[in-house]
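Here's a quick tour of the model you have open.

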Amino acid sequence: MQPRNMSMSGVVDLAAVKAAGEAKAKAEQARAQGGAGAVPPSSLVIDVDEAGFERDVLQRSNEVPVVIDFWAEWCEPCKQLSPLLERLTQEYGGRFVLAKIDVDANQMLMQQFGIQGIPAVFAVVAGQALPLFQGAAPEAQIRQTLDQLIQVAEERFGLTGITVGDEAGVEEQAEAIVPEGPYDALLEAAVQALDAGDFGGAVQAYKNVLSDDPGNTEAKLGLAQAELLARVQDLDPQKVRQEAADSPADVQAQISAADLDLVGGHVEDAFGRLIEAVRRTTGEDRDAARVRLLELFEVVGPEDPRVTTARSALSRVLF
């Protein structure tokens, strides 16, 4: 197997991780200056399609509840409900965001949510879909429903919403120049080592960053990825998968197969395999499967909804 040909599709994009790290730094800088990392009011109401659903709804729901308004141009009740929802979204000031989905242009999403008629309103909180109401409900009823949603999001998931600032102030924050970080050269060297198949070099570069900055997001995710690729580079995929199929009780076989699953982009398969191993084992075997699962969570990233779902499943089998 040639390491440089191994796909991490669907797992983690280091360029995106770096961008996220820079965004976090910018937000922290804004908070230090009193801006609180605010978003503009215009970003509270967004149009969402099938291509952007995972990013704009599922991933966003890990930081703030997302209310979904399923509508269509020909729907008369929608013309009454949608403006009301938009007004309430602004009034609630960041306690939730509103995603508007045109069902005519996004029929697959309509089918996935099992919608029989519109308008229909759902919420997604920490990756979990919740039906709210269907039809043009009275404002008082909608307010009560939104209040309940916010309470559940805060009490069960710790989501307290996002900070909203004035449009001009947020634009100034976005244009602020973030100085180059002290570890950029090391992180860039680690990415180059990964691209060249030098996983040992990448591991060491990421560890060098973490020794000085243990909370560095890019280094933590990059280290987890590099260690994963180092583990699988000498494996025979066919042999590993056959051993895992023949010996479901062999925890080490399941761990190796899960590594290959993740490298191939089969995230849910990798998580499910290890959760099942935790469920059926005890003692050291159970702990080995649990620890590897937590390591794979680091590869994918804690904000990914697939990690949120798998954490819940792991909790159920452990407790």
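pLDDT is the predictor's confidence in each residue, on a scale from 0 to 100. This is a predicted model, and the protein averages a pLDDT of 82, with 83% of the residues scoring at least 70.

| Stretch | pLDDT | Contacts beyond four places in sequence |
|---|---|---|
| residues 1–36 | under 50 | 63 |
| residues 174–180 | under 50 | eight |

Now for the packing. The largest nonpolar core has 46 residues, and the members that touch the most others are Y206, L262, F271 and L296. Which helices each supply at least two residues of this core? Helix 7 (184–195), helix 8 (199–212), helix 9 (217–232) and helix 10 (237–246) do, and so do helix 11 (251–263), helix 12 (267–280), helix 13 (283–300) and helix 14 (305–318).

A disulfide is a covalent bond between the sulfur atoms of two cysteines. Searching the whole structure turns up one disulfide, and it joins C75 to C78, with an S to S distance of 2.4 Å. The torsion about the S-S bond of C75 and C78 comes out at about 80°, so this disulfide is right-handed.

Conventions. Residues are numbered from 1 along each chain as its sequence is written. This is a predicted model: local features need pLDDT of at least 70, side-chain atom pairs count only at pLDDT 80 or more; totals for chains, interfaces and linings use all residues. Side-chain values use heavy atoms; hydrogens and water are left out. A nonpolar core is a set of buried Ala, Val, Leu, Ile, Met, Phe, Trp, Tyr and Cys residues joined through side-chain atoms within 4.5 Å. Buried means under 20% relative accessible area, exposed over 50%, partly exposed in between (1.4 Å probe, protein chains only). Helices (H or I, at least four residues) and strands (E, at least two) are DSSP runs, numbered from the N terminus. A disulfide is a pair of cysteine sulfur atoms within 2.5 Å. Contact means heavy atoms within 4.5 Å.
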